Amino acid sequence: MYLWRRWKEVMFRGALAALGVFVALFGLTRLLAILDLWISDPRVESLVYALLALISVVVIVAMVRMLRQILVLPTRIVLQKAYERLEEEIRQRRAAEAMVQRFQEIEANEAQVRQAQKMEAIGQLTGGVAHDFNNILTVITGTIEILADAVKDKPQLAGIAGMISAAAERGADLTRHLLAFSRRQPLQPRATDVNALVVDAARLLRPTLGEQIEIESMLSHDSAPALIDPSQLSTAILNLALNARDAMPDGGKLTLETKNVTLDEDYAQLNREAKPGSYVLIAVSDTGEGIAAQLIDKVFEPFFTTKDVGKGSGLGLSMVYGFVKQSNGHVKIYSEQGHGTTVKLYLPRATSAPEAVVADTTRPAMARGDETILIVEDDALVRDYVVAQVRRLGYRTLAASNAAEGLALIDAKERIDLLFTDVIIPGGMNGRQLAIEAERRRPGLKVLYTSGYTENAIVHHGRLDADVLLLAKPYVSADLARMIRTALEA
């Protein structure tokens, strides 16, 4: 029955069949022996024994021929040991694969750390360069303004003065981008309606991008307010849109998208600079040429650009990167050559409702006065320029090159209405510390800060301190006059 049911699956089925017949016939002889007690027939018994002998010979021959194969057949114990060895090999292979994956993760993490360290080092360098450059630009922009006013009736000289002023403004724009990348710009974040800001940005972009580029806004109706500096965010969107325009020389589509997102622990492990939490997403996408995969990690570096020579400064994306990082956000870029690029800005959510924009009630640009102003500035060129400009506005001036000289004048009996100090000064204390000490010695003293590089003296966690008035370098005389009157009347 077994052979009949599983004939095709049985090994050595011929020998087993012969053995089965042999066993059956041997059993038959036992039956015949019982039958022989009543009926004796030697012929039948002889025939059965002859068949048994023949089958025995066949079985022996078959078994001998199979002996070599039978000796190498695995037993249950051999199979169990082989299975155990196989399981051990699988375990070792999985351990090796896990180790390779771990090494790959470590290598990727180390690459991200090296990239972050490189970006931080570049940021420190660019911040220092921007500080010194802003001091120079302050003198250039201020003096060229005076010269332009003096030669306004001479068209040729006025044109030259205008070119110098435009070049200085371009330099100032570069330093602003450098400070944004190095995260040294003073931010004034507030709860901002990102949908309204994107709508305003799209309206301003239409004439800038041209008719060949379609602008589409995909705004989430429940988008939360973001805790962000709205003016800097507008600049970031503008930079991204201009990059998208340059990537679509033959026209295309620019998409501005907003929505609420949550970054989990898994995403944060893959992106070390990101922190898990709730964010407001602003995505800027284009259908342009895209960026090669090997260049993606470099696009945020200052002065790196994929554009042709003379078509870009390489500071647009670096400014966006620095601004988002300083705002405690995250930025991610996705690109595929021939299919376009998407830059995603993950901005921190605000816990309060969006703040209404206060109407601009700016006083006349060249407001004057007769108060006494103490000017503390370590750069001699800037100090001389500021003293001259402040005197032109009608104020009395005192000047110091460091904190020690400034405190000596504070201790003098002469009247001082306003301390106008650089944030970064020598003398054992910075401008903020000087102001605190000056206010302690002269209660009620008004303070106005100026700087091209704030460090952490008056900016904490990326935002300007609430009780601080700052005039950022470089500035023109109208800004100087306005901020002095604001500080004096605060």
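User: What does partly exposed mean?
Analyst: Buried means under 20% relative accessible area and exposed means over 50%, with partly exposed in between. This is a predicted model, by the way.

User: OK, so where does R91 fall, buried, partly exposed or exposed?
Analyst: R91 has 48% relative accessibility, so R91 counts as partly exposed.

User: Which residue does R91 pair with in a salt bridge?
Analyst: E88. Their side chains meet at 2.5 Å, N to O. E88 is partly exposed too, with a relative accessible area of 32%.

User: How far apart are E88 and R91 in helix α4?
Analyst: Three residues, so about one helical turn separates them. Helix α4 covers residues 76-150.

User: How many salt bridges are there in the whole structure?
Analyst: A search finds 15. One of them joins R441 and D411, at 2.6 Å from N to O. R441 sits in helix α12 and D411 in helix α11, so this pair ties together parts 30 residues apart in sequence.

User: New topic. How do α2 and α3 cross?
Analyst: Their axes come within 9 Å and cross at roughly 155°. That makes α2 roughly antiparallel to α3. The crossing is left-handed.

User: Which residues meet there?
Analyst: From α2, they include L19, F22 and F26. From α3, they include V48, L52 and I55. The residues of this contact divide into 19 nonpolar, two polar and one charged.

Methods:
Residues numbered from 1 in each chain as written. Predicted model: local features only at pLDDT ≥ 70, side-chain atom pairs only at ≥ 80, totals over all residues. Heavy atoms only, no water. Axes fitted to C-alpha atoms, helices over the stretch in contact; angles between N-to-C directions. Helix = DSSP H or I, 4+ residues; strand = E, 2+ residues; numbered from the N terminus. Parallel < 35°, antiparallel > 145°, perpendicular 65-115°, else oblique. Left-handed = near helix turned anticlockwise from the far one by under 90°. Contact = heavy atoms within 4.5 Å. Nonpolar A, V, L, I, M, F, W, Y, C, P; charged D, E, K, R; others polar. Salt bridge = Lys/Arg side-chain N within 4 Å of Asp/Glu carboxyl O. Buried < 20%, exposed > 50% of the residue type's maximum accessible area, 1.4 Å probe, protein only.
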